[in-house]
Amino acid sequence: MKLHNRVNGEELKRRMKESSEERTTISFYKYHNIRNTRLFRDHFYLLLDKLGVLGRIYVASEGVNGQISAPTPRLKELREAFDSISFFQGIRFNYAVEDDGKSFFKLTIKVRDKILADGLNDASFDVTKKGFHVNALGFNELAEDPDTIIIDMRNHYETEVGHFKNAITPDVETFRESLPIIERMLEENKDKKLLMYCTGGIRCEKASAYFRHRGFQNVFQLNGGIIEYAH
């Protein structure tokens, strides 16, 4: 039973470079309590490998986070494969913009302690009790509300490229650093609406659950992050 790649990496890179197959790059994530991470990892590998999927995926007891490349003609089959797993049903795929789909040359799925380095004690709160998702239009409407505080959950070098008007942009290098800093900044504003955004949504997903746990009631997040907003 094939559960790992066994072909030399240089050979795989050569094959990918020479291939004319059209591929699509996709990122995805899902917070879900997974009891047997090793069993899930092996099942997921077999499911994706038979569809010719390549990429890097992390599995942890808190959920799944991945960036993959799939043969474009098999995207419908890929969606069906994901939907065959109950907690993946309806999961959002973030499709890369201006990418040739040759970002990866093998499929790697690793079991980790976390799918996102955040420094939080996950046992202290439920990561699935996240904030309310809003689309681009909903985000714009909330952003115009004077009772809304906009928070950029990205790193400082990402915010320097560009950020939304009036957004709080913590001067941090990692997501782990940002959470306590933002909480201190917002301590007197727990009655305000918190509107968060990040690149693809995963950081906001975890942060929204954390801030709700810390007593913030009106927590919103941009669905799919800036990637989806751009689409």
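Tutor: Start with pairing. Two strands pair if DSSP finds at least two bridges between them. Keep in mind that this is a predicted model.

Student: What makes strand β8 (residues 193–197) and β9 a pair?

Tutor: Four bridges join β8 and β9. The rule asks for at least two, so they count as paired. The sense is parallel. In this pairing, Met196 stands opposite Gln221 in β9. From β8 the chain passes through helix α7 (residues 202–213) to β9, a right-handed β-α-β crossover.

Student: How do you know that strand β6 (residues 132–134) pairs with β9?

Tutor: Count again. Three bridges link β6 and β9, and the rule needs at least two. These strands also run parallel. Val134 faces Leu222 in β9.

Student: Why is strand β9 (residues 218–222) called largely enclosed?

Tutor: Four of its five residues are buried, so the rest of the structure largely encloses β9.

Student: How do you know whether Cys198 is buried or exposed?

Tutor: Its relative accessibility is 1%. Buried means under 20%. Therefore Cys198 counts as buried. Cys204, at 0%, is buried too.

Student: How many disulfides does the rule give?

Tutor: The count is zero.

Note on methods: Residues are numbered from 1 along each chain as its sequence is written. This is a predicted model: local features need pLDDT of at least 70, side-chain atom pairs count only at pLDDT 80 or more; totals for chains, interfaces and linings use all residues. Side-chain values use heavy atoms; hydrogens and water are left out. Buried means under 20% relative accessible area, exposed over 50%, partly exposed in between (1.4 Å probe, protein chains only). A crossover is right-handed if, with the strands pointing away from the viewer, the path from the first strand over the helix to the second runs clockwise. A disulfide is a pair of cysteine sulfur atoms within 2.5 Å.
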